[in-house]
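Dear colleague,

I am passing on the structure that we discussed, and my notes on it follow directly below. Please read them with the coordinates open beside you.

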Amino acid sequence: MARSMHARRPATLASLAAELGVSRTTVSNAYNRPDQLSPELRRRVLETAKRLGYPGPDPVARSLRTRKAGAVGLLLTENLSYAFRDPAALAFLEGLALACESAGQGLHLVPVNPQREDIANVHRAGVDGFVVYSVPDDDPHLAAVLSRPVPTVVCDQPRVEGVDRVGIDDHAAITKIAKRLISLGHRRIGVLCMRLGRDRNDSFVSLDRQRSAHFHVQRTRLAGLADTFTAAGVNWADVRVVERFDHSQASGESAAAQLLDADPGVTAIICTSDILALGAMTEAKRRNLRVPQDLTITGFDGITEARRVGLTTVRQPVLEKGKAAGKLLLGAAEANRQREITLETELVDGTTSAPPRTAEERWFGP
């Protein structure tokens, strides 16, 4: 249907001010600074705006005028669904959202495909600052963020000179797991780890790849395991480490299968995340391996499902990480001083770890 030639043009801020007999600043304050008006005057402005069809100040025009977007950008180098599928990422997102709510700021997700370089989303994001959540040190999207003249906080990884950071001591945290297993008597172990670089490698990991990994959280956790088990007399070069690019329980299952096929005599599987550990437990059950009598399995993160099944793991305060990152970004910056917040972790000694089986014990393997 053709649009009527006599359709009323929508009201503007100027026409609304004229209708009310007030200044344009008064109308603007009714929306943006309501404390500047009496309740009665603000009510009259809003009621008149509704009657005349005034939609409110144009947020795009406002951001151009103030040079403020009123939103924090979260750089997540994963597909968007990952933020709502991965329990640790979801808890971090909740914490960051809580910090934004407290500051009256919005939250703009800037997801990018981990296997495709497309920095356009970073450059066109209308945000006042960025929180970068766990990316490799060679990520082009990180470089794009750092090229913008806005404040940035990195959570977990990487460490960037001069950029504020929130994280944990990953070396100390994973050492808690290693020392616990060593005290139980485990020396023949295997490791399942998350991706170590932007290139896909769903296989065993060489020592060189472990030491040169661009995801420094995984690199640090592997180094912590290597240091601790080496000190206990284990030749780390003999320890099989299996990497998975996708972070899912299915990846944990397939990685555990690959490890156990190569070395069915391992007595413990150490996983660098709870998600991988839950997958490993499923694979152990498929092989009729009892956990922990036949096989000890440990994780890292302390997600809800891990607590439910009694997983031995390291609990890190993921929600608090999100809150801290948001507060650090939205707080007052300290000139010429990098700020870093390191949160505490806790060893959760669950029911999935026990001393290794002995040769005399019955074997329930396939």
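L109 is partly exposed, with a relative accessible area of 24%, where buried means under 20% relative accessible area, exposed over 50% and partly exposed in between, computed with a 1.4 Å probe and protein chains only. This residue lies in strand β2 (residues 106–111); helices (H or I, at least four residues) and strands (E, at least two) are DSSP runs, numbered from the N terminus. Once its neighbours within four places in sequence are set aside, L109 is in contact with L74, L80, F84 and L93, contact meaning heavy atoms within 4.5 Å. The C-alpha atom of L109 is separated by 9.8 Å from that of F130, a residue 21 places away along the chain.

Please bear in mind that this is a predicted model, in which local features need pLDDT of at least 70 and side-chain atom pairs count only at pLDDT 80 or more, while totals for chains, interfaces and linings use all residues. Residues are numbered from 1 along each chain as its sequence is written, and side-chain values use heavy atoms, with hydrogens and water left out.

As for the chain overall, it has 15 helices and twelve strands, and 48% of its 366 residues count as buried. Of the contacts between residues at least 6 apart in sequence, 71% join residues at least 24 apart.

The largest nonpolar core has 48 residues, and those with the most contacts inside it are F92, V131, V191, L225, F229, W236 and I270; such a core is a set of buried Ala, Val, Leu, Ile, Met, Phe, Trp, Tyr and Cys residues joined through side-chain atoms within 4.5 Å. Helix α9 (residues 170–184) supplies the largest share of this core, seven residues. A second, separate core of 22 residues includes V242, L260, I275 and L311. Beyond its neighbours within four places in sequence, I270 is in contact with residues including I177, L181, V191, L225 and F229.

Finally, the axes of helix α1 (residues 13–20) and helix α2 (residues 24–32) come within 8 Å and cross at roughly 105°, the axes being lines fitted to C-alpha atoms over the stretch in contact and the angles running from 0 to 180 degrees between N-to-C directions. The contact is made by L13, A14, L16, A17 and L20 of α1 together with R24, V27 and S28 of α2.

Best wishes
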